[in-house]
Amino acid sequence: MTTHQLCDILNEFAPLSLQDSWDNSGLQIDNNNAEVTGVLICFDITEKSLQEAIDKHCNVIVAHHPLLFNGLKQIGHDAYIERCVRMAIVNNIAIYCNHTPIDKVQGGVSWTLAQKLGLQNISYLQTDGMASYGAIGNLQHPLSHNDFISLLKNTFGLTYVRCSEPLNNPISKVAVCGGSGAFLIDDAIKAGADAFICGDIKHHEFYKAEQKILLADIEHFESEIATKEIFFSILSKKIPTFVVHLSENDKSPIYCF
């Protein structure tokens, strides 16, 4: 299998045509469409993940977050992005990223979050033309605020959850969005969700809760790390005899003390 054939498999699941205008998903660094020797799946591309690919004889890296968002004016040694680009090119490693497209498809990031929480009757939270965002569904049994927070901690391996004022009513209907999903708060309220889960909720956005909904921020990394499982599942089913590795070096760049 060649690099481009592998990219086609991922594009079939989450078409690049779905990406937001500001996004830069797709094949960012090509290796001249070489025959694939192995694939490393990671969340963010770093020098550690590139070294891991080299050590595991992988000449393709599949990541969620694009390495290249803005144009590079030079490729030197000062910034980690520049060093990663040099490292990939020198070692003939292709880099493919699928960011906002996999946020929007059924079975993508938000859908997987909903499934991990055990939600039933899952559907999209917002549908706008060709794109759909978030997911919404029902818990099997209503939970109190404390029990719901415990569910989030246990499900996503959290030590804390940033949230709005606790609700007096049980939580049954839950909306989710992987990554920076605060733009869907109003949609979650209109859909009658008792709670909305995402990452990157800003200070003033928590005021939108107004005892109508519980807003819970589980952080960006934790809300999207499931992308690795999605990529792995796609490639394993399509090419079961292929060598696909999950990176052992992915961790949030945010430390809490």
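Predicted model: local features only at pLDDT ≥ 70, side-chain atom pairs only at ≥ 80, totals over all residues.
Residues are numbered from 1 along each chain as its sequence is written. Local features need pLDDT of at least 70 and side-chain atom pairs pLDDT 80 or more, while totals for chains, interfaces and linings use all residues; side-chain values use heavy atoms, without hydrogens and water.

Helices and strands are DSSP runs, numbered from the N terminus (helices: H or I, at least four residues; strands: E, at least two). Helix α6 covers residues 145-156. Its twelve residues should span 16 Å at 1.5 Å a residue, and the end C-alpha atoms are 17 Å apart, which agrees. The expected span is 1.5 Å times one less than the number of residues.

The buried residues of α6 are H145, F148, I149, L152 and F156. They cover an arc of only 100° around the axis, so they sit on the same side of α6. The arc is taken from the directions from the helix axis to the C-beta atoms. An α-helix has 3.6 residues a turn, so residues three or four places apart point the same way. The face turned away from the buried side of α6 carries the exposed residues N146 and N154. Here, buried means under 20% relative accessible area, exposed over 50%, and partly exposed in between (1.4 Å probe, protein chains only). Just after α6, G157 takes a positive phi of about 65°.

L72, I75 and I89 make a nonpolar surface patch of about 250 Å². Patch residues have over 30% relative accessible area and no salt bridge; nonpolar side chains (Val, Leu, Ile, Met, Phe, Trp, Tyr) are joined within 5 Å, like charges within 9 Å. I75 lies in the loop between β3 (60-63) and α3 (80-90). At 41% relative accessibility, I75 is partly exposed.

The structure holds eight salt bridges. Each is a side-chain nitrogen of Lys or Arg within 4 Å of a carboxyl oxygen of Asp or Glu. In one of them, D20 pairs with K104, with the closest N and O atoms 2.6 Å apart. D20 lies in the loop between α1 (3-13) and β1 (26-29) and K104 in helix α4 (residues 100-104), so the pair ties together parts 84 residues apart in sequence. Both D20 and K104 are buried.

R162 forms a salt bridge with D217, again with the closest N and O atoms 2.6 Å apart. R162 is in strand β7 (residues 162-163) and D217 in strand β10 (residues 214-217), 55 residues apart. R162 is partly exposed at 31%, whereas D217 is buried at 1%.

How values were computed
Areas by Shrake-Rupley, 256 points an atom, 1.4 Å probe, with all protein chains shown as cover.
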